[in-house]
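Q: I am new to this structure and would like to learn how to read it, one feature at a time. Could we begin with the elements of the chain and then move on to its interior and its details?

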Amino acid sequence: MTLHHLTRATLAATLIASFSHAALAETPADVQVPDGNTIALETVGVGAITYMCETKDDGNMGWVFKGPHAALNDSDGSQVGSYYGPPATWEALDGSKITGTQLATAANGDGNIPLQLVEANPAEGEGAMTGVSYIQRLNTQGGVAPDVACDMDHDGATAVVTYQADYIFWTAE
């Protein structure tokens with residue numbers, strides 16, 4: 001059984017056409033990028049997160065995160081890369097890619113995955129991801145585990161939940 005929440009049309013209708021530096025100023029302190037970094041690339045990720053109904057580490061049944069898959073689009077709506085995992089990987093169309101280590105998250109309202117700050121590992125390949133030091137996930141919409149039954153009767157069910165988020169890539173100055 002696969003469940004789909006929200007529609008791509010809904011997300012496409014809310015696609016952010018331009019990025020707001022004012023929004024960066026309002027970012028919670030926990031997910032602020034340290035001084036000494038500058039924005040290298042701003043994208044909007046539009047995609048889905050997969051969850052599976054299974055027994056969690058605590059022995060209870062629940063929806064378990066399995067991974068994201070999203071297109072990374074520029075401010076004109078043209079795809080410039082992809083985001084997928086695990087592990088969380090941001091890949092530019094030129095083939096350069098990065099993974100990273102989550103440093104912090106901050107809540108972003110009911111029904112939305114949290115905001116996030118990730119420290120980037122060195123890039124694989126040469127290109128747009130070369131030199132990226134941090135990735136911020138901001139302006140999240142959707143993406144949380146579904147609010148539907150997950151019990152022994154649903155063991156192994158998957159849920160694909162659509163989401164959108166801004167991914168801001170930073171480099172050291």
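A: Helices (H or I, at least four residues) and strands (E, at least two) are DSSP runs, and they are numbered from the N terminus. Read in that way, the elements of the protein chain run β-α-α-β-β-β-β-β-β-β-β-β from the N terminus on, and there are two helices and ten strands in the chain. This is a predicted model, in which local features need pLDDT of at least 70 and side-chain atom pairs count only at pLDDT 80 or more, while totals for chains, interfaces and linings use all residues. Residues are numbered from 1 along each chain as its sequence is written, and side-chain values use heavy atoms, with hydrogens and water left out.

Q: How is burial described, and what percentage of the 173 residues in the protein chain is made up of buried residues?

A: Buried means under 20% relative accessible area, exposed means over 50%, and partly exposed lies in between (1.4 Å probe, protein chains only). In the protein chain, buried residues make up 41% of the 173 residues.

Q: What is a nonpolar core, and which residues of the largest one touch the most other members?

A: A nonpolar core is a set of buried Ala, Val, Leu, Ile, Met, Phe, Trp, Tyr and Cys residues joined through side-chain atoms within 4.5 Å. The largest has 24 residues, of which Trp90, Ile98, Ile135, Tyr163, Tyr167 and Phe169 touch the most other members. Two or more residues come from each of E2, E3, strand E5 (89–92), E8, strand E9 (132–142) and E10, and E10 gives the most to this core, with six residues. A second, separate core has ten residues, including Val33, Leu138, Ile168 and Trp170.

Q: How is a pocket found, and which residues lie nearest the centre of the largest one?

A: Rolling a probe the size of a water molecule over the atoms shows where empty space is left. On a 1 Å grid over the protein atoms alone, a pocket is an open set of points where a 1.4 Å probe fits, with protein on both sides within 12 Å along at least five of seven lines, and lining residues have an atom within 4 Å of a point. Grid points are joined across faces, edges and corners, and a volume is the space filled by probe spheres set on the points. About 290 Å³ of space lies in the largest pocket, and among its 21 lining residues Phe65, Tyr83, Gln102, Gln116 and Arg137 lie nearest the centre. At least two lining residues are supplied by each of strand E2 (37–55), strand E3 (61–73), strand E7 (100–106), strand E8 (115–120) and strand E10 (158–172).

Q: What is a salt bridge, and which side chains meet in one here?

A: Side chains of opposite charge can pair when their charged atoms come close. A salt bridge is a side-chain nitrogen of Lys or Arg within 4 Å of a carboxyl oxygen of Asp or Glu. By this rule the count comes to one salt bridge, in which the side chains of Lys66 and Glu54 meet at 3.2 Å, N to O. The pair links distant parts of the chain, with Lys66 in strand E3 and Glu54 in strand E2, twelve residues apart. Lys66 counts as partly exposed because its relative accessibility is 36%.

Q: How do contacts show which parts of the chain come together, and what is Thr171 in contact with?

A: Contact means heavy atoms within 4.5 Å. Of the contacts in the protein chain with a separation of 6 or more, 63% are accounted for by residues 24 or more positions apart. Thr171 has its place in strand E10, and leaving aside neighbours within four places in sequence, Thr171 is in contact with Gly36, Asn37, Thr38, Ala40, Gly131, Val132 and Ser133. Thr171 and Gly131 are 40 residues apart in sequence and 5.8 Å apart in space, C-alpha to C-alpha.

Q: Which residues are joined by a cis peptide bond with omega about 0°?

A: That cis peptide bond joins Gly85 and Pro86, and another, with omega about -10°, joins Pro86 and Pro87. Pro86 is found in the loop between strand E4 (79–84) and E5.
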